[in-house]
Amino acid sequence: MDTISIRKDACEPELLEVPRPEPEPGQALVRTLRVGVDGTDREVIEGGHGGFPEGEEFLVLGHEAVGVVEDPNDTDFEAGDVVVPTVRRPPDDGENGYFARGEADMAPPEGTVERGIDGAHGFMSEYFVSEERFLVEIPEELAARGFLIEPISITEKALELADASRSTFEWDPDTALVLGNGSLGLLTVAMLAREMDVYCLGRRDRPDPTIEFIEARGGTYIDSRETPVEEVPEAYERVDLVYEATGYAKHAITSLYALAPNGVAALLGIPDPWEFEIDGGRFHREFVMENKAMVGSVNSGPRHFRTAADTLADLPEAALADLVTRVVDYREFGDAFEAADDIIKTAVQFSER
Ligand code: NAP
Ligand code: BGC
Ligand code: ZN
């Protein structure tokens, strides 16, 4: 069967034929429908994040998948069920407590591999196999956009952690600042705009589809070249929630200054090491004196996938149509992984339902 893979020492993905996998006991065989592309895929291709499976010369890409059960094997699924796979799997040296508790998303990096990202093949193949516990069934009508469930689940988990950190007092956020107008940032804008006033920070000139996306959701675009994060309070207002999705390391510090007292910042970006100076006294003092919180959040689990399916069903059709700017056939994936100003979200299609 065909896969979209990256070989060791290559700088571009390619179509690579591999044998179709056979499901082992407890696994189902899934026919892939669509797989989404995000910033992490670009980081993996560029070699800045993740790694190859042990002993393999290539990595099958893709972690945002939706498919149809082709062969349920001995699982409780039925042929034709629409499923979304979670990303994390036990590491090569075996199961650990995080997996045993169903909390793989809380495992440290050495306690897991990630399909399509780090140490395990992904889902950009005509078929894939997966253990039953890592497949989440979704309603048939969500199949075409089911590849959005994984990224939505990333935000579900981050918001759950942020909310939990504010659970000891009455916290009713009504303003949010999303940092980053990539696909994760914009998906989060669409999610938050249902219940809050949302600002979204980018570094693009108009006209730009991401700015149009933000404004179509009722949000306000902030250009970080004119208004850096720490100046948002003066230029606009202090916000209850910051959602960082730029991977720009200074935002891990300046997010705190954009928060109103008692606010929380959720950090999602995955930057490379970068040394810079900060006023540690100001940072520490404001953190404490204004009862602020910051949470880091990576990955997501089956519970977040299930909530994400409900969210996907609830998101306005216009937002989803504006977000997914292209769906390409896998045989002609071409520049599907390249970032471009006119592309928000790309999905690669392997088959139809
Ligand atoms: P992406 O497409 O690369 O988006 C990042 C966006 O941030 C880009 O649109 C970029 O603008 C913008 N940006 C970067 N620096 C900026 C700055 N200084 N000021 C204003 N805007 C800035 O990536 P993504 O898929 O949306 O993901 C966002 C980040 O979250 C990435 O770091 C990714 O690795 C991470 N991520 C983490 C998780 C998790 O589980 N924690 C899950 C998914 C993704 P331009 O396009 O104009 O350059
Ligand atoms: C994926 C997560 C993964 C994270 C770190 C994200 O793009 O959506 O599932 O845990 O990257 O590798
Ligand atoms: Zn991702």
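**Salt bridges and a ligand shell**

Colleague: Let's start with Glu160. What is its relative accessibility, and which class does that give?

Modeller: Glu160 has 36% relative accessibility and counts as partly exposed. The class sits between under 20% for buried and over 50% for exposed. Keep in mind that this is a predicted model.

Colleague: How many salt bridges does a search of the whole structure find?

Modeller: It finds 24. One of them joins Glu131 and Arg133, with 2.7 Å from N to O. Glu131 has a relative accessible area of 28%, which means it is partly exposed, and Arg133 falls in the partly exposed class at 35%.

Colleague: What about Arg331 and Asp329: what is their N to O distance?

Modeller: Their side chains meet in a salt bridge at 3.0 Å. Arg331 is exposed, with a relative accessible area of 51%, whereas Asp329 is partly exposed at 29%.

Colleague: Which residues are linked in a network of salt bridges?

Modeller: The network takes in Arg238, Arg282, Glu286, Glu290 and Lys292.

Colleague: Now the ligand. Which residues surround ligand 2?

Modeller: Read a shell as a list of neighbours, then look at its classes. The residues around ligand 2 include Asp38, Thr40, His49, His63, Glu114, Glu150 and Asn299. Val87, Ile117, Ile154, Ile270 and Val298 are also among them. By class, the shell has 5 nonpolar, 4 polar and 3 charged residues.

Colleague: Which polar side-chain atoms lie by an oxygen atom of ligand 2, and how much of the ligand does the protein bury?

Modeller: For polar contacts, check N and O pairs against a 3.5 Å limit. Thr40 has a polar side-chain atom 2.5 Å from an oxygen atom of ligand 2. For His49, a side-chain N or O atom is 2.7 Å from a ligand 2 oxygen, and for Asp38 the distance from a polar side-chain atom to an oxygen of the ligand is 3.1 Å. As for cover, ligand 2 taken alone exposes 310 Å², and the protein buries 93% of that.

Methods: Residues are numbered from 1 along each chain as its sequence is written. Chains are lettered from A and ligands numbered from 1 in the order in which they are written. This is a predicted model: local features need pLDDT of at least 70, side-chain atom pairs count only at pLDDT 80 or more; totals for chains, interfaces and linings use all residues. Side-chain values use heavy atoms; hydrogens and water are left out. A residue is near a molecule or strand if one of its heavy atoms lies within 4 Å of it. A polar contact is a pair of N or O atoms within 3.5 Å; within protein, one must be able to donate a hydrogen and the other to accept it, and residues adjacent in sequence count only if both atoms are side-chain atoms. Accessible areas come from the Shrake-Rupley method with a 1.4 Å probe; for residues, only the protein chains shown count as cover. Ala, Val, Leu, Ile, Met, Phe, Trp, Tyr, Cys and Pro count as nonpolar, Asp, Glu, Lys and Arg as charged, and the others, Gly among them, as polar. A salt bridge is a side-chain nitrogen of Lys or Arg within 4 Å of a carboxyl oxygen of Asp or Glu. Buried means under 20% relative accessible area, exposed over 50%, partly exposed in between (1.4 Å probe, protein chains only).
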